[in-house]
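Colleague: Please take a close look at a single part of this model and then connect that part to the rest. I would like the cut-offs spelled out as you go.

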Amino acid sequence: MKLTQLYNRASIIITLSILLVAGIVYYIAIGYISNKQLDKDLTEEMEELSAYINHKQQLPKPIDFDEDQASFTSIGQQKIKRRFVDTPFIEPGTSKAEAGRAVVDMVSLRGVNYKVVIAESKETTENLVQLISIITAVLGVLLIVALIITNRFLLAGLWRPFYLLLGQIRAFQVAGNNTIDTVGNIRADEFKELETAIRTMANKAADDYQSLKMFTENASHEMMTPIAVITSKLDNLIQDESLNEAQFEQLQDLYTATGKITKLNQALLLLVKIDNHLISDVAEIELKTTIKQKCRQFAEIIQAKGIQLHAELQEKKFKFSPYLLEILLDNLFSNAVRHNLPGGEIQVLLTETNLVFSNTGKPEPLDSEKVFERFQKGKASEGTGLGLTIARNICNNYGLQLHYHYAAPFHQFIITF
Amino acid sequence: MKLLIIEDERALRESIAGYFQEEGVICETSADYASATEKIALYDYDCILLDIGLPDGNGLTLLQELKAAGKEEGVIIISARNSLDDRITGLNLGADDYIVKPFHLAELKARVMALFRRRSFRGNNQLQYDCINIDLPTMEVKVDGNLVTLTKKEYDILLYFIANKGKVISKNALAEHLWKDEIDLADSFDFIYTHIKNLRKKLADNSGKDFFKSVYGIGYKFS
């Protein structure tokens, strides 16, 4: 939900609640005050009545009470205390009942007690309450309209730099040459600070990225040259015909170890490159053709291990780095071969949405998270322990998904396009 | 064949020179940009091995200068940078090949020989070794005049060994040449054994000679 919407909603709820509470308080307060006023009127009425009765020694006629209505009931020797009640009030000449206020009291005339009820209409008060309610409601509506307009125009204006900055952050790529531009006249200090902070951060990220790139290249150079020296010295050393068998055995171990260091170093550098999006060649690729070619390439080793290869491939065109695709497929193929059983099976299934490599192997599922972690490899594996990490990082960084699934007896590596 | 090795790492430079040193090959070396420029200006070479990262300049600049001066030398770039961009830049600047450190000397020799053949024969590209005749464009192999059918791998192996004739080639170098790092080393050693056994037999059947000599389990020598 957008910030303006959230803000609108909150402010409207708060405003409405306050108006509602205010309305209720008004209603109660006005009711109380008007009752007090009426009660005072009625008390005066009552006193006038007492004075009349004392003076005239007779009950007055109803006509003597202007707007009010009075009734007298003989109650003998009973006594009543003065009290005020709400009562329906019927307007003379009509049958319509409206709200009224009445005083109930007692008068004595010639030794007989009379219960006196004087009622008065509350219509005026009711009208007042109605008027106040209407004013409150109108005020509420006006307030809401004002709030919405303010929020829409004022807030949108205030937040404009934020959205402009957000757009720039979205478009920002550490590898690219784009920088965060100033977004013009910003009024709010917070956004000024945000803009500065983002610009600083972006510049730092770009700088760090550049130095990382330099580091990658330098590390490659610094490590590969000594390894090249070792390899070349070994190549020359084995030309020596005076060496004996035991010495050749040691040289063979050196060869193997050097080869492993080389592969490890290459794999680590490749990972850095993938993670930093340093490989950016993209071409339209017909995946079916590429996979067929890979099948041929691996046919020798697959055949030698007595593995059956089944490939079910649909045509699928997509845009990807040919270099990375090659590495990805190599890694998945050699993984399927390496961890297979003698006489096992490999299935390659390519559809419009998926590429699935299934291979037989140890009949137990692997940990679907750990299998992609660095240096998680089987004890018998000759690999670097980085093959699947590289495969997953290629997928993650270039818009594909790779996950592991065990469907007995197959270990499956599934790429989703 | 006259060769110039431009490489700043002394040990590597000497190794390469030592490996290439044989009858008919003259190896000269340069440790930096300045001396390399001087040598290139003074002499003509058949092939130049050029390290990109020199202490006093970039090898690619040297390559540009070389091409600008209209020199005809074949150039193989030696680089520690295995990046696609560098490779493409190097080849676009007119380099003939690009080899990434670390490499086996046998691989380098094979590349140099291939380049040398391409440049010196132009068209009529026949490779003769002892009684073995290879027609490179058609990949036809004749032994004592008899056509021998070789698999792709056997053909690759044969060319590789002829380029490195008289040298012991380690199985590791051969495995890398044939499969890069597609398969595990242990598996590739088995394949190498099988391929060489078959190739050896095919050549021996037609010539009566055994060209391959196994060297203590570390590799093979072709002579």
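Modeller: In what follows, helices (H or I, at least four residues) and strands (E, at least two) are DSSP runs, numbered from the N terminus. This is a predicted model, in which local features need pLDDT of at least 70 and side-chain atom pairs count only at pLDDT 80 or more, whereas totals for chains, interfaces and linings use all residues. Residues are numbered from 1 along each chain as its sequence is written, chains are lettered from A and ligands numbered from 1 in the order in which they are written, and side-chain values use heavy atoms, with hydrogens and water left out.

With a relative accessible area of 0%, B:Asp51 is buried (buried means under 20%, exposed over 50% and partly exposed in between, with a 1.4 Å probe and protein chains only). Apart from neighbours within four places in sequence, the residues in contact with B:Asp51 (heavy atoms within 4.5 Å) are B:Ile6, B:Glu7, B:Asp8, B:Gly59, B:Ile78 and B:Lys101.

B:Asp97 forms a salt bridge with B:Arg111, with 3.2 Å between the closest N and O atoms (a side-chain nitrogen of Lys or Arg within 4 Å of a carboxyl oxygen of Asp or Glu). This pair links distant parts of the chain, 14 residues apart, since B:Asp97 is in strand 7 (residues 97-100) and B:Arg111 in helix 5 (residues 105-121) of chain B. B:Arg111 is partly exposed, at a relative accessible area of 23%.

Elsewhere in chain B, the side chains of B:Lys202 and B:Glu154 meet in a salt bridge at 2.7 Å, N to O. B:Lys202 belongs to helix 8 (residues 185-207) and B:Glu154 to helix 6 (residues 152-163) of chain B, so this pair ties together parts 48 residues apart in sequence. B:Lys202 is partly exposed, with a relative accessible area of 25%, while B:Glu154 is buried at 3%.

Turning to the partner chain, the contact takes 39 residues from chain A and 42 residues from chain B. The area buried between chain A and chain B, that is, the accessible area (1.4 Å probe) that two parts lose on being put together, summed over both, is about 3,500 Å², and carbon and sulfur atoms give 56% of this area. Two salt bridges are counted between chain A and chain B; B:Lys221 forms a salt bridge with A:Glu241, whose closest N and O atoms are 2.8 Å apart. The elements that give two or more residues to the side of chain A that touches chain B are helix 3 (189-237), helix 4 (245-275), helix 5 (287-304) and helix 6 (322-338) of chain A. Helix 3 of chain A provides the largest share of that side, 13 residues.
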